[in-house]
Amino acid sequence: MPAGFNSLFIPGPTNIPNELRAAMNLPSEDQRSPDFPALTLGLFRDLKQIFKLDHGKVFLFPGSGTGGWEAAITNTLSPGDTVLASEFGQFSHLWIDLCKRHHLNVDAIDVAWGQGVPVDVYAERLANDKEHKIKAVLVCHNETASGVTSDVEAVRRALDDANHPALLMVDGVSSIASIDFRMTEWGVDLAVSGSQKGFMLPCGLAIVAASEKALEASKSAKCPRCFFSFDDMIATNKDGYFPYTPATSLLHGLRASVDLLLNEGLENVFSRHNRLAEGVRKAVDGWGLKLVAEEPKWYSDTVSAIYVPEGFDANDVIKIAYGRYDLSLGGGLSRLAGRVFRIGHLGWLNDLMLLQAIAGAEMAMADVGIPIELGSGVRSAQQHYRQTAKPTELDLAG
Ligand SMILES: Cc1ncc(COP(=O)(O)O)c(C=O)c1O
């Protein structure tokens with residue numbers, strides 16, 4: 001094993017803070033004990049603050065983000081229902097695929113990878129749907145494959161302007177707990193996340209929030225569900241228990257995660273992510289390279305997908321970064337394979353950690369022959385981090 005840490009800059013799973021690791025380092029426990037609800041009831045309550053959900057429920061399924069998609073869909077829709085969606089990256093594509101496999105009728109709008117949800121097209125489709133055939137509108141808030149963030153609030157406005165009753169479903173797997181998300185204010189009915197990104201835990205929990213309207217829809221929805229049943233969860237969660245064995249150590253980790261996020265303050269978490277992401281974007285400029293995200297309005301504060309110049313294979317950069325420098329970068333997925341590498345900048349991170357990723361990517365690019373000047377990205381990011389660093393009490397200590 002090489003000495004030192006692996007520098008983990010894939011866009012999830014993310015780095016796990018020490019206090020979260022410690023919180024999960026527990027013996028097995030009795031999930032039916034009388035004191036178990038002291039953990040779980042507080043979690044159900046406090047997670048609502050992370051989702052900014054006033055009413056409704058947060059569900060904790062053993063699973064991953066994909067399970068969360070399935071829970072959202074199967075609990076609220078019936079086979080044959082029409083959903084409006086858009087595809088602009090591998091994850092928006094996979095959610096659509098999941099809907100089709102559940103026999104939903106998907107009106108999938110094809111969008112260039114590098115852009116996000118086409119709000120104007122959604123608005124038109126909703127305005128024209130006088131019979132309200134569309135039962136749900138899907139938004140991939142942060143497309144992790146392309147590093148593109150979409151405007152959920154604008155989709156809400158489009159629904160309201162058309163006076164359309166469809167449910168608004170959001171994939172927040174790589175946005176929630178990292179970038180601004182307001183479930184109640186934006187009228188989101190179902191929001192899906194996972195434990196391994198903004199929540200800074202290992203993979204293993206699908207975290208799904210449902211509005212009162214979504215819970216009402218679940219009463220008549222006909223898609224088959226068992227493992228992901230809201231009803232079964234509600235029946236047992238109300239007393240702090242689960243319909244089957246919960247991932248107990250992850251729940252303790254989640255308690256520590258929620259505490260960490262709320263202690264830092266969500267707005268501070270969001271601005272930290274923005275500032276760190278901006279440093280990566282400055283580095284990309286310094287290298288003279290391009291992001292997949294076509295315009296600043298699409299820039300993601302949790303992941304940057306960076307094109308390598310024509311004639312180079314991004315997978316070589318990723319291989320060298322890992323093999324020589326013990327740096328994990330994200331690869332290009334599907335139609336971006338070989339054309340991009342991705343730097344994940346979400347979760348438990350600070351300036352110097354990001355500079356490791358930027359320096360390592362720079363070295364690996366130089367090693368494969370990409371004509372970039374060593375130090376050009378690092379310098380641009382350093383300047384940004386120095387200019388935007390906030391003085392702390394410790395500056396004056398001692
Ligand atoms: C935006 C987005 N949605 C869904 C998923 C699928 O989540 P999981 O891999 O946890 O099933 C991912 C995974 O990276 C993602 O980034």
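His273 counts as buried, with a relative accessibility of 1%; here buried means under 20% relative accessible area, with over 50% called exposed and values in between partly exposed (1.4 Å probe, protein chains only). The model is predicted, and local features therefore need pLDDT of at least 70 and side-chain atom pairs pLDDT 80 or more, while totals for chains, interfaces and linings use all residues. Residues are numbered from 1 along each chain as its sequence is written, and side-chain values use heavy atoms, with hydrogens and water left out.

His273 sits in helix α10 (residues 266-287); helices (H or I, at least four residues) and strands (E, at least two) are DSSP runs numbered from the N terminus. The side chain of His273 makes two polar contacts, reaching the backbone oxygen of Val269 at 2.9 Å and the backbone nitrogen of Gly347 at 2.9 Å. A polar contact is a pair of N or O atoms within 3.5 Å; within protein, one must be able to donate a hydrogen and the other to accept it, and residues adjacent in sequence count only if both atoms are side-chain atoms. Leaving aside residues up to four places away in sequence, His273 touches Ser178, Asp301, Thr302, His345, Leu346 and Gly347, where contact means heavy atoms within 4.5 Å.

Ser178, one of these partners, belongs to the loop between β8 (167-171) and β9. At 0% relative accessibility, Ser178 is buried as well. Among the residues that Ser178 touches are Gly198, Val269, Phe270 and Thr302.

Turning to the ligand, the surrounding residues are Ser64, Gly65, Thr66, Trp69, Phe91, Asn142, Thr144, Asp171, Val173, Ser174, Gln196 and Lys197, each with a heavy atom within 4 Å. Helix α3 (residues 65-76) gives the most to this shell, with three residues. Polar side-chain atoms lie 2.5 Å from a ligand oxygen in the case of Thr144, 2.7 Å in the case of Gln196 and 2.7 Å in the case of Lys197. Taken alone the ligand exposes 390 Å², of which the protein buries 87%; these accessible areas come from the Shrake-Rupley method with a 1.4 Å probe, and for residues only the protein chains shown count as cover.

Helix α8 (residues 230-237) has Phe230, Met233 and Asn237 as its buried residues. They lie on the same side of α8 because they cover an arc of only 65° around the axis, taken from the directions from the helix axis to the C-beta atoms. Their packing partners include α2 (36-51), β2 (57-63) and α3. At the start of α8, a side-chain oxygen of Ser229 comes within 3.2 Å of the backbone nitrogen of Asp231.
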